[in-house]
Amino acid sequence: MKKVYLETFGCQMNVSDSERVATQLEKDGYEITPSEDLADVILFNTCSVREKAENKLYSRIGEVRSAKNVNNSNQPIVGVLGCVAQLEGEILFQRNQKIDFVLGTKAVGRISSAIENVRNGNDSFFDLAEREENYDWSVSKTQMFSSHVGFVPIIEGCNKFCTYCIVPFSRGREKSLAPDEIIKQVLRLRQEGIKEIHLIGQNVNSYRPKTEEGLENFHGATPFSKLLRAVAATGLERIKFTTSFPRDFHPDIIDAINENENLCNWVHLPVQSGSNNVLKAMRRGHTIESYIEKVVKIKSSARKISLTTDFIIGFPNETDQDFQATLDLIKYCEFDSSYIFKYSPRPGTPAFKMVDNVSPKEKTNRFLELEKVQRIYQQKALQSSIGKSVEILVEKFSSKNEAELSGHTSCQKVVNFKCFDDLIGKIVKVKITSSKLNTLFGEIS
Ligand code: SAM
Ligand code: SF4
């Protein structure tokens, strides 16, 4: 049986695509191996959101091609999938002669025929075409990234064209999956014993299917809140969704969470900057005032919804004053946690033509300052759980301490606790006793 090693970079959508690539390969008689040394085929599912992620691909290809494959006298076939593949296409063969085939973001369902093509001697095979009409969105349980958390894509692509972002070019226009297809996937996961699902999309709340088949009984204001209610009605224990786009974040999403215990109390709402000047230059489509209105609605919920965000620092022309406004926003919103990124110019985006005029040193200073302020509110949020009993889904042994089990709360905080019983896959109550930088610690209660 031919062995395939699959490495994934980037967002949950890539992880989810990789789950289906592995499912397809398994169906077609390949074995997925965790060892690149033993592999006959090496696949990289790539990310192009920042330059760093893209460069990582090239260094990884160099590594696997120069490594000695002790148990494999033939060099493995190397395939590039995902966002870099979609953007660069055929040019990748000139840029790196060690690549055998390239498969775009919508072509991943045809993975086995791509490998076959190379085996038959076509070593510069590429396919950047659309998804098949009958594309199979299901994932085999053996190929899930986490055996206990299921990813369910509900919308792909992006129509927003923020000036810095490559995603609309790598992932194409927004396309929502049919509600009945989504409900079918959720019911299948529930039947398999999965307790938590994440509805995913670049902008999950921009969900707008062509027909509302399956949503007729739900009279919320927006298709996304109707979908949330329909998914909640399946009875699956925990439903999370990410990432939300601020302009499309309507109050009825919070109403749906308030009305359904199994819709988890976590919202990831990337703001990017606290300055209206920067937001305008980024073409985000929201202002700080409109963002704060949404935050007020989120914080007004009795469910104590955890709020997390993304920031980009060092966007062209970001002044000290703009940056100060971002610090002020953190103090106002008290985000539970955030991802902070240094602006990375992406060829082909409108911002690429602007002068990247915040120096690397200044970017680093701002990054560290923002991280320091964010840490205060992250600690505050974590410490507010101490002494409380919280439900966690136990997912695995802790990576840092094998004597501890690890899982997430409904509001997406990591909890580690000592326990000798086999609780993996179960939802249990844990009393929180202490916290560290990113983690809560507790004991079974
Ligand atoms: N669609 C989501 C939204 O708009 O809120 C975000 C999806 S994007 C793939 C994830 C994050 O990557 C963004 O929120 C942004 O912070 C970051 N990002 C995107 N382009 C970037 C760039 N050129 N440089 C640095 N960070 C970037
Ligand atoms: Fe990128 Fe903006 Fe689309 Fe998010 S909304 S994926 S940041 S273009």
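Trainee: What is the order of the strands in the open sheet of three strands, and which way do they pair?

Mentor: The order is 12-13-14, with parallel pairing, in this open sheet. A strand here is a DSSP run of E with at least two residues, numbered from the N terminus. A word on the ground rules: this is a predicted model, where local features need pLDDT of at least 70 and side-chain atom pairs pLDDT 80 or more, while totals for chains, interfaces and linings use all residues. Residues count from 1 along each chain as written, chains are lettered from A and ligands numbered from 1 in written order, and side-chain values use heavy atoms, without hydrogens or water.

Trainee: Why do strand 12 and strand 14 stand at the edges?

Mentor: Each has a single partner strand, so one side of strand 12 (266-268) and of strand 14 lacks a neighbour in the sheet.

Trainee: How do you know that strand 12 and strand 13 pair?

Mentor: Pairing takes at least two DSSP bridges between two strands. Strand 12 and strand 13 have three bridges, in the parallel sense, so they qualify. Tryptophan 266, for instance, stands opposite serine 306 in strand 13.

Trainee: What makes helix 13 pack on the sheet?

Mentor: Helix 13 (residues 360-383) touches strand 13 and strand 14, where contact means heavy atoms within 4.5 Å. Its direction makes about 180° with that of strand 14.

Trainee: On to ligand 1: how many residues surround it?

Mentor: There are 18, and the closest are Gln202, Gln272, Arg284, Asp310 and Ser344. To be near, a residue needs a heavy atom within 4 Å.

Trainee: Why does aspartate 310 count as a polar contact of ligand 1?

Mentor: An N or O atom in its side chain is 2.6 Å from an oxygen atom of the ligand. A polar contact is a pair of N or O atoms within 3.5 Å, so this pair passes. A polar backbone atom of serine 344 is 2.8 Å from a nitrogen atom of ligand 1.

Trainee: How much of ligand 1 does the protein cover?

Mentor: It covers 92% of the 570 Å² of accessible area that ligand 1 has on its own, by the Shrake-Rupley method with a 1.4 Å probe. Strand 13 (306-313) and strand 14 (337-342) are the elements giving two or more residues to that shell.

Conventions
A polar contact is a pair of N or O atoms within 3.5 Å; within protein, one must be able to donate a hydrogen and the other to accept it, and residues adjacent in sequence count only if both atoms are side-chain atoms. Helices (H or I, at least four residues) and strands (E, at least two) are DSSP runs, numbered from the N terminus. Axes are lines fitted to C-alpha atoms, for helices over the stretch in contact, and angles run from 0 to 180 degrees between N-to-C directions.
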